[in-house]
Amino acid sequence: MRTHKAAVTSNEAVLDGGRPIEERIDRLARAWVEDGRARDHLVTGKAFHAVYCWYLRHRPEGHAPSRAAFVTAS
């Protein structure tokens with residue numbers, strides 16, 4: 001019998017420390033764009049705070065347009 005793992009939410013993906021935060025945000029932004037910018041990909045609460053603080057601190061390094069749009073939309 002095959003079991004399916006429950007989908008990980010965007011909030012869980014951001015708060016999971018397994019990968020660098022930049023990589024997590026880029027993956028989420030790409031998935032958001034590929035899925036037609038669906039609201040269910042956006043982050044909220046603690047995950048939003050983490051993404052927003054990281055974005056403000058690292059913004060001068062330049063960002064992909066999808067990353068900036070993802071953070072703004074969240």
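Trainee: Before we start, what pLDDT do local features need here?

Mentor: Residues are numbered from 1 along each chain as its sequence is written, and side-chain values use heavy atoms, with hydrogens and water left out. Since this is a predicted model, side-chain atom pairs count only at pLDDT 80 or more, totals for chains, interfaces and linings use all residues, and local features need pLDDT of at least 70.

Trainee: Okay, what does the chain average in pLDDT?

Mentor: pLDDT is the predictor's confidence in each residue, from 0 to 100. In this chain, 85% of the residues score at least 70, and the average is 85.

Trainee: How do the elements of the chain run from the N terminus on?

Mentor: Helices (H or I, at least four residues) and strands (E, at least two) are DSSP runs, numbered from the N terminus. The chain has 4 helices and 0 strands. So with that numbering, you can read the order off directly: α-α-α-α.

Trainee: Which helix has the highest confidence, and which the lowest?

Mentor: The highest mean is 92, in helix H1 (residues 10-15). At the other end, with a mean of 88, sits H4.

Trainee: What share of the chain's residues is buried?

Mentor: Buried means under 20% relative accessible area, exposed over 50%, and partly exposed in between (1.4 Å probe, protein chains only). Out of the 74 residues in the chain, the buried share is 24%.

Trainee: Which residues have the most contacts inside the largest nonpolar core?

Mentor: A nonpolar core is a set of buried Ala, Val, Leu, Ile, Met, Phe, Trp, Tyr and Cys residues joined through side-chain atoms within 4.5 Å. The largest one here has 13 residues, and those with the most contacts inside it are Val14, Ile25, Val43, Val51 and Phe70. As for where the core comes from, at least two residues each are supplied by helix H2 (21-34), helix H3 (45-58) and helix H4 (65-73). Back to your list, then: Val14, Ile25, Val43, Val51 and Phe70.

Trainee: Is Phe70 buried or exposed?

Mentor: Leaving out residues up to four places away in sequence, Phe70 touches Ile25, Leu28, Ala29, Trp32, His41, Leu42 and Val43. Its relative accessible area is 0%, so Phe70 is buried.

Trainee: Which side chain does the side chain of His41 make a polar contact with?

Mentor: His41 lies in the loop between H2 and H3, and with a relative accessible area of 18% it is buried. A polar contact is a pair of N or O atoms within 3.5 Å; within protein, one must be able to donate a hydrogen and the other to accept it, and residues adjacent in sequence count only if both atoms are side-chain atoms. At 2.8 Å, the partner of His41 is Asp35.

Trainee: What about Arg67, which side chain is its polar partner?

Mentor: Arg67 is in helix H4 and is buried, with a relative accessible area of 6%. Its side chain makes a polar contact of 2.6 Å with that of Asp26.

Trainee: Last one: what is the phi of Arg37?

Mentor: Most residues other than glycine have a negative phi. Arg37, in the loop between H2 and H3, is not a glycine, yet its phi is positive, at about 60°.

Notes
Contact = heavy atoms within 4.5 Å.
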